[in-house]
Amino acid sequence: MLDLQRLRALHAVSVHGTVGAAALALGYTPSAVSQQIAKLERETRTVLLEREGRRVRLTDEARQLVSAAQELLAIVERAETELEERRGRPAGRLTIAAFASAARGLMPGVLAELGRRHPALDARLSEVDPHLSVDLVAKGAVDLAVAHDWDIAPLPAPPGLEQAVIGDDLCDLLVPEGHPFAGRTAVRREELGGERWICQPPGRVCHDWLLRTLRTAGHKPDIVHQADENPTLVALVAAGLGVALIPRLGRGTLPAGVVEVPLDPMPVRRLYALWRTGAARRPAIAETVRVLGEQWPEVAAHPPR
């Protein structure tokens, strides 16, 4: 008989691509995940994983097992949802994926409040890029995602997911002190041509949004520096190396030498909570979405400057 925990380990590897990433998502050690899969290979008398550098490739037999595992895990989720629903209170483990600035600027307060209200709820956070987090929810790797999109770059939500709006995060133009825009009360998007830009790498939502915005305004963007983290982007602006468009959430206090200038119209990214339709009745999901909505107005009203 196939062991559900071993199937869960194989499913996690298929979603995350490496044993280490799967272990992090499951809360295990990499050796524990490897042992689970080795036992599953012995039980099925089948090779399930093949090494490809740092990553692993699932064999055809492994992909068949992953498909079955996803169905079994969905059945388990329904059973757990029904049990929690009968109890009428949030309980058990809830895995949450949130993008970096939400993980830093919003989720600490949300997780603390959930812990205070519901001691039986074991909420666990992972920092994940928005596009990836939505896919992780759809595949059953996490229970809920906090993601975002932009006004001209909507976030696609696959079938089988439900979502709720958390709120809108405003975005400002950051320029070095002494820049011609530094004393302005507002800057129009049409005026942004000829700037040296600092932004996140290609494939990130913010990078794609910047390219679309500048091209829509008739400018060819000159991106001179790229970095993953907002504090790094701000530090590059402070050094006088370019300008950046950075949302307020999780941005941190601006250092000396950086000036915040509003754009006209103001760029906005919308924050969402997303979860699987099958888990919609779970009290833990409903309560987490409720607390996210409660915490957001305070976070949005007092962003660090």
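Q: How are helix 2 and helix 3 oriented to each other?
A: This is a predicted model, where local features need pLDDT of at least 70 and side-chain atom pairs count only at pLDDT 80 or more, while totals for chains, interfaces and linings use all residues. Residues are numbered from 1 along each chain, and side-chain values use heavy atoms, without hydrogens and water. The axes of helix 2 (residues 19-26) and helix 3 (residues 30-44), lines fitted to C-alpha atoms over the stretch in contact, come within 8 Å and cross at roughly 105°. Angles of 65 to 115 degrees count as such, so the two helices are roughly perpendicular.

Q: Which residues of helix 3 make the contact with helix 2?
A: Contact means heavy atoms within 4.5 Å. Helix 2 brings Val19, Gly20, Ala23 and Leu26. Helix 3 answers with Pro30, Val33 and Ser34.

Q: Within what arc do the buried residues of helix 9 fall?
A: Buried means under 20% relative accessible area with a 1.4 Å probe, protein chains only. In helix 9 (residues 230-238) that holds for Asn230, Leu233, Val234, Leu236 and Val237. The arc is taken from the directions from helix axis to C-beta atoms. The buried residues line one face, because they fall within an arc of 160°.

Q: Which glycine follows helix 9?
A: Its phi is positive, near 80°. The residue is glycine 240.

Q: What percentage of the residues of the protein count as buried?
A: The protein has ten helices and 13 strands; these are DSSP runs, with helices (H or I) of at least four residues and strands (E) of at least two. Of its 305 residues, the buried share is 46%.

Methods
Axes fitted to C-alpha atoms, helices over the stretch in contact; angles between N-to-C directions. Parallel < 35°, antiparallel > 145°, perpendicular 65-115°, else oblique. Buried < 20%, exposed > 50% of the residue type's maximum accessible area, 1.4 Å probe, protein only.
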